[in-house]
Amino acid sequence: MRLRFWGVRGSFAMCGRNFLRYGGNTPCVELLTRDGERLVIDLGTGATELAKHLMKTEFGKGKGRLNILLSHTHLDHIQGLPFFAPFFIPGNRIRILGADPAGSTLEATLQNQLAPCYSPLEGLENLNAYVTIDSIVPGTTLELDGFHVQTAAVPHGNMWTTAFRITADDHVVTFLSDVEYAQPDQPSPEAIALAQGADLLIHDAMHADHEYGHRRGWGHSPVAAAFAVARAAGAKRLILYHHSPDATDAMIDAVVADAQKDSPIPVFAAAEGTYLEL
Amino acid sequence: MDITFWGVRGSYPVPGAATVRYGGQTSCVEVRADSGARVILDAGTGLRALGQRISRTGGGVPARHHILLSHVHWDHIQGLPFFEPAYVPGTQIAVYSSVAAADELRPVIAGITRHEFFPMPLESVPAQFEFHEVEPGLGFTIDEFQVMPIALNHPFGAVGYRITADGSSVAYIADTAPFTEVLHKRHFLNGLEPLTNEDRATLGQLRADLVRSLRDCDTVVYDTHFLPHEYEKFPHYGHSTPDHGLEICAESGVRCLVLYHHAPSHDDDMMDDLAADYRQKGAAAGVDIVTAREGMVLAVGAPA
Ligand SMILES: [Zn+2]
Ligand SMILES: [Zn+2]
Ligand SMILES: [Zn+2]
């Protein structure tokens with residue numbers, strides 16, 4: 001399995017020289033199997049860059065097929081949707097899967113995003129591709145064209161996000177973002193189960209440990225929480241993800257250097273454009 | 001009076017090496033009078049950095065802020081939940097827009113912070129929000145600024161503003177299509193639709209009103225999203241080219257036209273070429289053409 005980060009920044013897209021190495025686009029991750037099957041997680045602004053790449057393939061000719069998993073519908077995870085070019089080519093078949101937000105449905109939420117006052121697209125029905133929107137129930141298992149996906153709800157401030165354990169080509173990637181546990185050193189059992197023995201754990205690490213004090217309750221993890229999950233689950237590699245908009249390249253370098261010091265497993269910060277081969 | 005560009009990009013923010021010089025954040029311009037009074041034009045992603053600047057220089061003292069919205073497409077409002085002063089108790093934020101009464105501005109703005117989209121709902125934000133509906137042609141004042149809203153041609157409607165203070169004027173004309181091929185109303189366009197005679201008359205009136213409203217304006221910031229060959233493919237998207245902006249500004253006797261709301265696909269090198277090309281075209285037509293860059297500060301008023 002191959003993985004590429006198209007957006008790694010949390011909350012807000014960041015532009016300019018201080019964000020070039022790790023990247024300023026908001027969340028979007030692409031997974032590819034050996035056979036070329038593809039799965040995308042989240043549609044932050046990174047999805048606009050992924051879209052350019054996809055348009056050079058069968059998606060440009062209206063022959064693409066794609067499954068997209070949404071961790072949740074906070075804007076940084078869907079703001080690339082109206083600009084995801086494969087949606088505008090008739091013939092592409094694209095399925096968006098995600099949990100219903102409390103009191104609403106996934107489809108109604110995305111329809112709200114494209115409401116006529118907010119978006120010149122004026123509604124999902126104006127996307128030319130064949131787009132289906134499927135609500136999923138966290139805790140269930142999905143079979144998505146060569147990807148076996150186990151899902152679980154994890155706490156994210158006053159709401160829940162869906163985390164994913166994805167198995168393909170005999171490898172396991174666990175995606176746990178955006179999440180905040182009651183205590184950084186006591187991750188929820190669902191999170192640990194999802195990351196059990198994973199080859200790669202991608203975890204929310206929005207806050208450096210020393211900043212976490214004033215940001216408790218905002219729904220995001222300090223680096224220590226990502227480590228706690230990796231340790232308890234015996235994950236083989238840890239990727240710190242969903243970087244704070246305030247974290248410049250130099251600040252992320254410092255966090256990683258610090259994290260690597262006493263880590264029993266390899267740990268990296270997700271960087272836009274990076275390919276990982278599993 | 002001067003203006004500062006905090007976001008110059010259209011549609012969505014574009015991080016990365018290709019936008020380092022012109023900037024990747026979306027629509028947001030700050031207008032400052034000589035007295036220090038301020039109005040903010042649009043609340044795109046550029047508003048976050050402006051909010052940080054205000055917090056740092058204002059000593060955390062709550063103030064009253066005025067935000068004039070051209071319309072409520074995401075690229076013009078997405079920065080609002082990230083505006084730091086909104087989280088300082090005692091702050092007052094007055095938001096102005098032409099959103100029709102039927103839609104009401106408060107629920108529209110509250111809609112972008114509903115829990116599906118953002119962790120903190122508008123009613124929990126410490127700042128006090130006020131919402132004002134503006135109408136093209138009906139002027140009003142904010143501190144020493146005289147503000148005149150101007151109707152534009154954009155999907156679901158948009159208004160521009162002419163702002164006068166300290167003896168000169170700046171206008172903000174975004175987003176707008178030209179006034180020839182398409183009349184934007186309140187339904188989705190998948191391409192060009194035939195114009196009725198009535199549509200043509202409405203377009204003519206919009207254009208005439210715009211030219212009149214910009215008469216002898218010192219500086220005009222204009223939606224010039226597309227290059228001409230791009231516009232030809234997407235005339236129904238609701239945006240203009242620099243040529244469209246120049247035509248209007250030359251006719252109105254404007255001193256300086258600022259190219260603004262750059263397409264996300266225009267990288268810094270393209271922007272350099274475009275800026276040089278249009279500087280020449282402007283000179284030939286008697287209008288100074290400047291290309292907006294994030295962080296740029298422009299003095300408004302004829303150079304002494
Ligand atoms: Zn997020
Ligand atoms: Zn716009
Ligand atoms: Zn617009």
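**Note on the zinc pair of chain B and two strand arrangements**

1. The zinc ion (ligand 2) and the zinc ion (ligand 3) lie 3.5 Å apart, and Asp175(B) coordinates both. The pair links distant parts of the chain: His76(B) is in the loop between strand 4 (64-68) and strand 5 (92-97) of chain B, and Asp175(B) is in the loop between strand 10 and helix 3 of chain B, 99 residues apart. The model is a predicted one.

2. The protein donors of the zinc ion (ligand 2) are Asp75(B) (OD), His76(B) (NE2), Asp175(B) (OD) and His261(B) (NE2), which lie 2.1 Å from the ion. Along the sequence these donor residues follow the spacing D-H-x98-D-x85-H.

3. What are the angles among the four donor atoms of the zinc ion (ligand 2)? They run from 90 to 163°, and the site is irregular. For comparison, the ideal angle for four tetrahedral donors is 109.5 degrees. A tetrahedral assignment requires all angles to lie between 85 and 135 degrees.

4. Are His76(B) and Asp175(B) buried or exposed? His76(B) has 0% relative accessibility and therefore counts as buried. Asp175(B), at 1%, counts as buried too. The cut-off for this term is under 20% relative accessible area.

5. Strand 11 (residues 219-223) of chain B is largely enclosed by the rest of the structure, because five of its five residues are buried. In a regular strand, side chains alternate between the two faces of the sheet. Both faces of strand 11 of chain B are covered: Thr219(B), Val221(B) and Asp223(B) are buried on one side, and Val220(B) and Tyr222(B) on the other.

6. Strand 11 of chain B pairs in the parallel sense with strand 10 (residues 168-173) of chain B over four bridges, and Val170(B) stands opposite Thr219(B). Between these two strands the chain passes through helix 3 (residues 197-213) of chain B, and this β-α-β crossover is right-handed. Strand 11 of chain B also runs parallel to strand 12 (residues 256-260) of chain B, to which five bridges join it; here Val220(B) stands opposite Leu257(B).

7. In chain A, an open sheet of seven strands has the order 6-5-4-3-2-1-14, with mixed pairing. Its edge strands are strand 6 (130-136) and strand 14 (275-277) of chain A, each pairing on one side only. Neighbouring strands of this sheet are turned by 20° against each other on average, direction ignored.

8. Within that sheet, strand 2 (residues 28-32) and strand 3 (residues 38-41) of chain A run antiparallel and are joined by four bridges. Ile41(A) is the bridge partner of Val29(A). Helix 1 (residues 46-54) of chain A lies across strand 1 (2-7), strand 2, strand 3 and strand 4 (65-70) of chain A, at about 40° to strand 2 of chain A.

Notes. Residues numbered from 1 in each chain as written. Chains lettered and ligands numbered in written order. Predicted model: local features only at pLDDT ≥ 70, side-chain atom pairs only at ≥ 80, totals over all residues. Heavy atoms only, no water. Buried < 20%, exposed > 50% of the residue type's maximum accessible area, 1.4 Å probe, protein only. Pairing = 2+ DSSP bridges. Right-handed = clockwise from strand over helix to strand, strands pointing away. Donors = N, O, S within 2.8 Å, 3.2 Å for Na, K, Ca; no water. Tetrahedral: all angles 85-135°; square planar, octahedral: opposite > 155°, others 65-115°. Axes fitted to C-alpha atoms, helices over the stretch in contact; angles between N-to-C directions. Contact = heavy atoms within 4.5 Å.
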